[in-house]
Amino acid sequence: QVVESGGGLVQPGGSLKLSCAASGFTLGNYAVAWFRQVPGKEREGMSCITASGGHTNYATSEKARFTISRDNIVDMVYLQMNNLKPEDTAVYYCAATAYCLGYIWDRYDYRGQGTQVTVSS
């Protein structure tokens with residue numbers, strides 16, 4: 001499984017760095033994507049990074065504020081989120097699969113339980 005961490009309450013304009021770790025397998029062998037879900041809405045794919053970290057994809061306009069990265073030495077994937085807005089409030093998920101081939105949640109081999117991010121003053 002994968003486990004997300006780093007969520008919390010942050011003021012508008014603030015930053016958070018989410019982390020994704022693996023349990024029972026080597027995350028560095030997989031592409032990893034970040035998703036988010038607002039209550040009442042569909043889960044939204046945001047960004048994906050290849051296993052090597054050499055290629056990234058951003059599905060949304062958040063590319064200007066969010067950055068996906070990974071450190072395969074410590075076997076972690078990150079989502080740096082800057083200039084957070086109230087509309088970024090959501091549960092953020094990471095998921096792992098062989099390749100970055102889109103953002104269909106059910107096609108990911110390993111999927112986390114999510115971490116809550118709340119942006120509010």
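Visitor: Before we look at anything, what counts as a strand here?

Guide: A strand is a DSSP run of E with at least two residues, and strands are numbered from the N terminus. Ser19, for example, is found in strand 3. Keep in mind that this is a predicted model.

Visitor: Okay, is Ser19 buried or exposed?

Guide: The cut-off for buried is under 20% relative accessible area. Ser19 counts as buried because its relative accessibility is 13%. Leaving out residues up to four places away in sequence, Ser19 touches Val3, Glu4, Ser5, Trp34, Met76, Val77 and Tyr78.

Visitor: How do I read the sheet, and in what order do the strands come?

Guide: The general idea is that strands of a sheet pair through backbone hydrogen bonds, either parallel or antiparallel. In this model, four strands make an open sheet in the order 1-3-8-7, with antiparallel pairing. The edges are strand 1 (2–5) and strand 7 (66–71), each pairing on one side only. From one strand to the next, the twist averages 20°.

Visitor: How many bridges join strand 3 and strand 8?

Guide: Six bridges, in the antiparallel sense, between residues 16–22 of strand 3 and residues 76–81 of strand 8. If you want a pair to find on screen, look for Cys20, which stands opposite Val77 in strand 8.

Visitor: Now the loops. Which phi value does Asp75 have?

Guide: Asp75 has a positive phi of about 60°, although it is not a glycine. You'll find Asp75 in the loop between strand 7 and strand 8. Asp75 is buried, with a relative accessible area of 18%.

Visitor: And where is Asn83?

Guide: Asn83 sits in the loop between strand 8 and strand 9 (90–97). Its phi is positive too, about 50°, and Asn83 is not a glycine either. With a relative accessible area of 42%, Asn83 is partly exposed.

Visitor: Let's finish with Tyr92. Why is Tyr92 called buried?

Guide: Tyr92 is called buried because its relative accessible area is 0%. Tyr92 has its place in strand 9. Setting aside neighbours within four places in sequence, Tyr92 is in contact with several residues, among them Glu4, Leu18, Phe35, Arg36, Met46, Phe66, Leu79 and Val117. The C-alpha atoms of Tyr92 and Leu79 are 9.7 Å apart, and the two residues are 13 residues apart along the chain.

Visitor: Which backbone atom lies 2.6 Å from a polar atom of the Tyr92 side chain?

Guide: That's the backbone oxygen of Asp88.

Key
Residues are numbered from 1 along each chain as its sequence is written. This is a predicted model: local features need pLDDT of at least 70, side-chain atom pairs count only at pLDDT 80 or more; totals for chains, interfaces and linings use all residues. Side-chain values use heavy atoms; hydrogens and water are left out. Two strands pair if DSSP finds at least two bridges between them. Axes are lines fitted to C-alpha atoms, for helices over the stretch in contact, and angles run from 0 to 180 degrees between N-to-C directions. Buried means under 20% relative accessible area, exposed over 50%, partly exposed in between (1.4 Å probe, protein chains only). Contact means heavy atoms within 4.5 Å. A polar contact is a pair of N or O atoms within 3.5 Å; within protein, one must be able to donate a hydrogen and the other to accept it, and residues adjacent in sequence count only if both atoms are side-chain atoms.
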